[in-house]
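User: I would like to go through this model at the level of strands, helices and contacts. Could you take my questions one at a time and give the cut-offs as they come up?

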Amino acid sequence: MTIEDGNKTETKQDNNKAVTALLSNIGRVFLDFLASTGRVALFLSQALSQGVRPPYYGHQILRQIWEIGYLSLPVVGLTALFTGMVLALQSYTGFSRFNAENVIANVVVLSMTRELGPVLAGLMVSGRIGAAMAAEIGTMRVTEQIDALTTLSTNPQKYLIAPRLLAGVTMLPLLVLVADSIGVFGGYVVSVYRLGFNPALYLKQTFDFMEVQDVTSGLIKAAFFGFIIALMGCYHGFNSRGGAQGVGKATTYAVVSSSILILITNYLLTSLLFEQG
Amino acid sequence: MTPKFSLKNLHKSFGHKHVLQGINLEIFTGESMVIIGGSGTGKSVLLKCLLGLIPADSGSLKMDGQEILKESMAQNEARLQDIGVLFQGSALFDSLSVWENVAFRLIYAQQMSRKQAKLIALQKLAAVGLSESVANLSPAEISGGMQRRVALARAIATQPHVLFFDEPTAGLDPIFSSVINDLIRGCVKELGATALTITHDMKSARAVGDRIAMLYDGKIIWCGPANEIDTCDNPYVQQFIHGSATGPIHLETELQHVA
């Protein structure tokens with residue numbers, strides 16, 4: 001065997017090792033993903049099975065409704081307002097090239113109700129509420145408050161998780177309804193006061209072309225997003241370990257995982273809800 | 001006489017870390033048992049096994065003659081109703097006021113009216129030397145020593161027959177430590193409760209314990225009356241109680257797997 005042959009064999013072996021390492025890494029990531037999915041499913045099933053059984057903690061549900069619903073209004077409202085305004089401006093610049101400025105009202109209302117309202121509200125609430133849930137529950141975990149709950153004859157899943165899931169599922173659609181309205185209003189303000197549209201005509205176009213399904217699809221998406229935000233916030237908080245650093249990680253994971261899941265779910269729901277349309 | 005708690009050959013591991021390696025111990029009704037041992041020797045793990053918060057791997061763990069290692073969640077919840085726990089860091093709920101913390105089990109587990117529960121909470125706060133003025137404060141607004149007293153009031157609020165104390169004097173100054181020790185002793189006597197305290201504070205161990213057991217290397221290496229610990233001939237115990245750096249106990253620098 002020549003030196004060149006030997007070098008070739010070595011290179012081939014190195015390549016094989018690299019491919020094996022790559023495949024084993026992919027396999028490990030996939031197995032980790034499956035294990036995580038299983039853990040989340042188990043966590044959810046425990047929370048739901050505990051949540052449906054009495055006693056029900058009304059004050060905890062109301063507190064979460066207040067936190068998720070009422071206290072998120074400013075951030076969701078501002079996001080929707082400026083999104084609607086920018087949408088009107090951008091649509092005007094784009095559509096004026098084709099002399100199609102008159103469809104701006106339709107673009108704003110469809111974009112807001114079908115996509116931007118639920119997705120942006122979901123992402124904003126994920127940052128605000130998902131992080132807060134993970135931080136609060138995570139701190140309770142590392143300071144033994146969750147253990148204390150158990151020893152005080154109170155199931156932590158029932159007391160902490162179920163109310164948040166319920167509030168998430170019910171409050172996000174309401175927030176999105178508000179976001180839709182404010183977003184459309186933002187588009188109206190820019191179109192009428194900056195771009196010189198006729199107010200009555202703008203409103204007529206808005207309501208003429210808007211269908212019930214546009215709004216309901218956004219609300220259905222919002223309910224899913226609310227569920228995802230609450231689930232990820234609670235799951236990562238509940239399973240946080242190792243003091244302040246662990247709580248920090250749980251908060252990051254909660255926001256990142258819920259944001260990604262919102263975007264993936266949004267695509268899946270859009271294809272499902274508008275398959276015929 | 002059936003012991004209140006009977007632990008036989010109890011094992012618990014976290015991965016390759018074998019924390020409990022065959023614990024044998026009996027705690028009798030009405031006695032105050034103290035388990036001492038260095039940091040990371042598994043005292044808290046043992047306590048959490050007894051509470052059902054961490055499942056033990058093998059062995060036997062009985063309370064009132066009933067095996068509790070394989071109890072269901074509902075059985076565990078029912079058993080915990082007669083147990084009060086004082087956690088190391090007090091573990092008070094930040095979102096609730098001091099009196100709501102004390103009355104937590106009365107309101108949420110026993111469905112007592114808030115008015116009645118508050119009255120009992122105020123009585124318990126008075127029993128641990130806290131005035132009504134702190135009742136409406138949040139836990140963050142009171143000192144660490146006061147938080148520990150509130151946690152003690154919460155533990156005794158429902159007059160349980162079993163009390164667990166996890167490092168009750170950790171992080172407190174000597175005066176507050178003595179106050180907490182006296183309160184623990186008083187509460188245990190008044191309730192006629194069976195108490196288990198885990199600590200590495202020897203002053204506290206002597207003050208609250210009828211019997212003391214020492215945990216080392218995952219096993220109980222010595223157990224006897226509290227007044228005999230100073231004269232026992234176990235070199236591990238002697239090194240521990242005198243806080244000597246030299247002796248058979250090796251200081252380990254392993255990573256702690258479980259808090």
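User: Which residue is the bridge partner of Asp166(B) in strand 8 of chain B?

Analyst: This is a predicted model, in which local features need pLDDT of at least 70, side-chain atom pairs count only at pLDDT 80 or more, and totals for chains, interfaces and linings use all residues. Residues are numbered from 1 along each chain as its sequence is written, and chains are lettered from A and ligands numbered from 1 in the order in which they are written. Strand 7 (residues 162-166) of chain B runs parallel to strand 8 of chain B, joined by five bridges, where strands (E, at least two residues) and helices (H or I, at least four) are DSSP runs numbered from the N terminus and two strands pair if DSSP finds at least two bridges between them. Within strand 8 of chain B, the partner of Asp166(B) is Ile198(B).

User: What is the hand of the β-α-β crossover from strand 7 to strand 8 of chain B?

Analyst: Between strand 7 and strand 8 of chain B the chain passes through helix 7 (residues 174-191) of chain B. A crossover is called right-handed if, with the strands pointing away from the viewer, the path from the first strand over the helix to the second runs clockwise. By that criterion this crossover is right-handed.

User: How many of the residues of strand 8 of chain B are buried?

Analyst: A residue is buried if 20 or more other C-beta atoms, placed from the backbone, lie within 10 Å of its own, exposed if 12 or fewer do, and partly exposed in between. Thr194(B), Leu196(B) and Ile198(B) point one way from strand 8 of chain B, while Ala195(B), Thr197(B) and Thr199(B) point the other way, and all are buried. For strand 8 (residues 194-199) of chain B, the count of buried residues is therefore six of six.

User: Why does Ser32(B) count as buried?

Analyst: Ser32(B) belongs to strand 3 (residues 32-36) of chain B, which pairs in the parallel sense with strand 8 of chain B over five bridges, and there Ser32(B) stands opposite Ala195(B). Leaving aside residues up to four places away in sequence, Ser32(B) touches Val188(B), Ala195(B), Val208(B), Gly209(B) and Asp210(B), contact meaning that the C-beta atoms, placed from the backbone, lie within 7 Å. Ser32(B) counts as buried because its C-beta neighbours inside 10 Å number 23.

User: Which are the edge strands of the open sheet of chain B?

Analyst: Four strands of chain B form an open sheet in the order 2-1-4-5, with antiparallel pairing. Strand 1 (residues 5-14) of chain B is joined to strand 2 of chain B by eight bridges, and Phe14(B) stands opposite Lys17(B) in strand 2 of chain B. The strands that pair on one side only are strand 2 (17-27) and strand 5 (66-67) of chain B.

User: Which element gives the most to the side of chain B that touches chain A?

Analyst: The contact takes 15 residues from chain B and 10 residues from chain A. Helix 2 (73-80), strand 6 (83-86) and helix 4 (104-109) of chain B each give two or more residues to the side of chain B that touches chain A. With four residues, the element that gives the most is helix 4 of chain B.

User: Against which helices do the buried residues of helix 3 of chain A pack?

Analyst: Helix 3 (residues 73-95) of chain A has 23 residues and reaches 32 Å from its first C-alpha to its last, close to the 33 Å expected, the expected span being 1.5 Å times one less than the number of residues. Its buried residues include Val76(A), Ala80(A), Leu87(A) and Ser91(A). The partners against which the buried residues of helix 3 of chain A pack are helix 4 (104-142) and helix 6 (156-194) of chain A.

Technical notes:
Contact = placed C-beta atoms within 7 Å.
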